Amino acid sequence: MAPPPPSPSPFPSITQCDPKKRFGSVAADLDGTLLISSSSFPYFLLIAVEAGSLLRGLLLLLSLPFLILSYLFVSESLTIQCMIFISFKGLKLRDIELAARAVLMKHYASDVRAESYGVWERSERKVIVTANPRVMVEAFAKEVLGADKVLGTEIEVDGKGRATGRLRGRGVLVWGKKREAVVEEFGGEGVVDVGIGDRRSDHGFMSVCKEGYMVHKDKDAKPVPQDRLKNRIIFHDGRLVQRPDPMNAILTYLWLPFGFILSIIRVYFNLPLPERIVRYTYPMLGINLVIRGKPPPPPSAGSPGNLYICNHRTALDPIVIAIALGRKVSCVTYSVSKLSRLLSPIPAVALTRDRAADAAMISSILQKGDLVICPEGTTCREPFLLRFSALFAELSDRIVPVAVNCRQNMFYGTTVRGVKFWDAYFFFMNPRPTYEITFLDRLPESMTVKAGGKSSIEVANYVQKVLSGVLGFECTQLTRKDKYMLLGGNDGKVESIHAAKKSS
């Protein structure tokens with residue numbers, strides 16, 4: 001919901017601010033000011049879907065005509081109150097906080113406006129003043145924008161830790177309430193060096209600043225490069241690839257029933273077919289499979305199998321590698337359910353996290369044939385590689401690196417907080433999903449543990465570097481535990497994940 005056309009403003013445009021001038025303090029609005037988008041509706045919809053359900057998100061989407069009318073003809077405050085009630089009521093505060101951190105941060109970070117961020121980053125003390133619930137924006141504001149404080153609407157929580165849908169304190173922070181909050185935070189008028197806003201309801205708090213600048217709507221506004229932000233987004237969660245602006249949200253909900261039927265067909269039509277046939281049925285069903293490099297031949301009788309080491313994009317990685325090879329290969333898994341392993345078209349063996357037991361099991365599998373391992377231990381959606389576990393390097397010298405990438409334009413086929421059983425179905429619900437498999441040359445003996453005398457860590461780091469070079473990704477030392485602590489509030493162990501879901 002865009003605000004009405006701006007009336008003449010007593011404040012100059014943000015483009016007139018001296019690009020070299022530094023400020024001691026700044027108070028800035030969020031939507032339409034620090035962000036390019038002036039509407040908070042997509043972010044409320046993300047909370048409704050990711051902390052609630054698709055049904056709650058649909059309810060919010062159906063209320064859009066009323067929300068637009070109330071914003072244009074009644075008040076901004078009523079509109080925000082209605083969105084909070086529909087999106088938040090009955091949800092656990094913990095779930096809202098996790099969704100805000102795991103899902104919203106990525107969408108917010110891709111929408112930061114360059115002009116206003118330039119003023120923001122040249123300021124020492126940074127405060128955001130927003131009508132949005134503080135719980136929704138605080139993680140992003142502090143961890144990505146480097147805000148010192150967020151002044152936002154405060155939601156009411158009952159004794160069981162659930163949002164009531166009502167507000168506390170000043171209510172919705174708009175118009176004069178923004179001014180009151182800024183004066184209270186800074187201890188008086190004329191203390192803040194610069195105020196930034198994008199609409200008339202921001203004039204109040206801007207007027208108590210020494211300088212004020214308006215951020216006008218501009219369809220050509222550019223987002224800030226991610227490397228200029230305080231922290232880059234490496235991990236994020238949620239099923240929706242695109243920010244659910246009203247049109248995107250409508251198209252997504254219209255596609256859902258057709259996409260689900262299509263995913264069922266894509267999964268179960270190919271499930272009983274040999275891998276060498278599936279390679280040709282994928283294009284018939286709208287799945288784009290790109291194979292590069294020369295797939296190694298199957299191991300000869302009496303010789304051990306190849307150990308395929310790949311980066312991890314979705315749980316489908318080993319299956320698609322088997323399809324690219326045209327034959328069955330085994331894989332090892334950790335956090336995949338027994339039902340998923342049962343339905344897997346290739347042998348999937350569960351790891352125990354006991355190093356000696358897992359090493360013996362992997363060695364046994366390699367004596368019988370090829371094996372696929374994803375040493376990152378978890379998926380990563382962004383162009384980064386997590387730290388590679390070095391165990392694989394100790395078990396075989398027949399190591400074949402495989403670079404894996406996939407493209408999804410509507411739904412993500414991975415989750416931390418959701419139900420992992422549905423991962424493959426969400427991936428295949430995309431209108432035209434793409435998988436890219438690149439087979440690299442087998443590691444030379446000089447770069448192996450047994451024949452080359454390298455340490456397992458040296459081999460793991462070498463393979464990570466080779467794959468990153470092919471994919472154009474960046475190597476990191478982040479781990480599965482880092483990802484799950486950030487997105488799910490647990491250490492990523494299966495028992496911890498189950499415990500977290502039972503408590504929610």
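Analyst: Two strands pair if DSSP finds at least two bridges between them. The model is predicted.

User: Which residue is the bridge partner of Cys406 in β14?
Analyst: Strand β13 covers residues 399-407 and strand β14 covers residues 434-439. The two run antiparallel and are joined by six bridges. In β14, the partner of Cys406 is Tyr435.

User: What is the order of the strands in the open sheet of seven strands?
Analyst: The pairing in this sheet is mixed. Its edge strands are β7 (288-292) and β10 (348-350), each of which pairs on one side only. From one strand to the next the twist averages 25 degrees. The order is β7-β14-β13-β8-β11-β9-β10.

User: At about what angle does helix α13 run to β14?
Analyst: Helix α13 takes up residues 317-325. It lies across β7, β8, β9, β11, β13 and β14. Its angle to β14 is about 65 degrees.

User: And at about what angle does helix α15 run to β11?
Analyst: Helix α15 is formed by residues 355-368. The strands it lies across are β8, β9, β10 and β11. Its angle to β11 is about 140 degrees.

User: In the open sheet of six strands, which strands stand at the edges?
Analyst: The order of this sheet is β4-β3-β2-β1-β5-β6, with mixed pairing. An edge strand has a single partner strand, so one side of it is left without a neighbour in the sheet. The strands in that position are β4 (163-168) and β6 (211-214).

User: Which residue in β4 is the bridge partner of Ile155?
Analyst: Strand β3 covers residues 149-157. It pairs with β4 in the antiparallel sense over three bridges. The partner of Ile155 in β4 is Leu167.

User: At about what angle does helix α9 run to β2?
Analyst: Helix α9 spans residues 176-186. It lies across β1 (23-28), β2 (123-133) and β3. Relative to β2, the helix runs at about 145 degrees.

User: How many of the ten residues of helix α8 are buried?
Analyst: A residue counts as buried under 20% relative accessible area. In α8 this holds for Val135, Met136, Val137, Glu138, Ala139, Phe140 and Ala141. What covers them includes α1, α2, α5, α6, β2 and β3. Helix α8 (residues 134-143) is thus mostly covered, and the number of buried residues is seven.

User: How many residues apart in sequence are the parts that Phe260 and Trp422 tie together?
Analyst: By the ring-pair rule the count comes to 13 aromatic pairs. In one of them, the rings of Phe260 and Trp422 have centres 6.3 Å apart and planes at 55 degrees, so the pair is tilted. Phe260 lies in helix α11 (residues 246-270) and Trp422 in the loop between β13 and α16 (423-428), so the parts tied together are separated in sequence by 162 residues.

User: Tyr268 and Tyr425 also form an aromatic pair. Is Tyr425 buried or exposed?
Analyst: This pair is tilted, at 6.3 Å centre to centre with 35 degrees between the planes. Tyr268 lies in helix α11 and Tyr425 in helix α16, so the pair ties together parts 157 residues apart in sequence. Tyr268 is partly exposed at 36% relative accessible area. Tyr425 has a relative accessible area of 5% and counts as buried.

User: Over the face of which ring does Arg381 lie?
Analyst: There are two cases to set out here. Arg125 lies over the face of Phe186, at 4.3 Å from the ring centre. Arg381 is at 3.9 Å from its ring centre, and the ring belongs to Tyr412.

User: What radius of gyration does the protein chain have?
Analyst: The protein chain has 19 helices and 15 strands. Its C-alpha atoms fill a box of roughly 80 × 45 × 45 Å along the principal axes. For 504 residues a compact globule would have a radius of gyration near 23 Å, and the chain agrees with this at 26 Å.

Technical notes. Residues are numbered from 1 along each chain as its sequence is written. This is a predicted model: local features need pLDDT of at least 70, side-chain atom pairs count only at pLDDT 80 or more; totals for chains, interfaces and linings use all residues. Side-chain values use heavy atoms; hydrogens and water are left out. Helices (H or I, at least four residues) and strands (E, at least two) are DSSP runs, numbered from the N terminus. Axes are lines fitted to C-alpha atoms, for helices over the stretch in contact, and angles run from 0 to 180 degrees between N-to-C directions. Contact means heavy atoms within 4.5 Å. Rings of Phe, Tyr and Trp (its six-membered ring) pair if their centres lie within 6.5 Å; planes under 30 degrees apart count as stacked, over 60 as edge-to-face and the rest as tilted. Buried means under 20% relative accessible area, exposed over 50%, partly exposed in between (1.4 Å probe, protein chains only). A charge sits over a ring if NZ of Lys or CZ of Arg is within 6 Å of the ring centre and within 35 degrees of the ring normal. The radius of gyration is taken over C-alpha atoms; the globule rule is 2.2 Å times the number of residues to the power 0.38.
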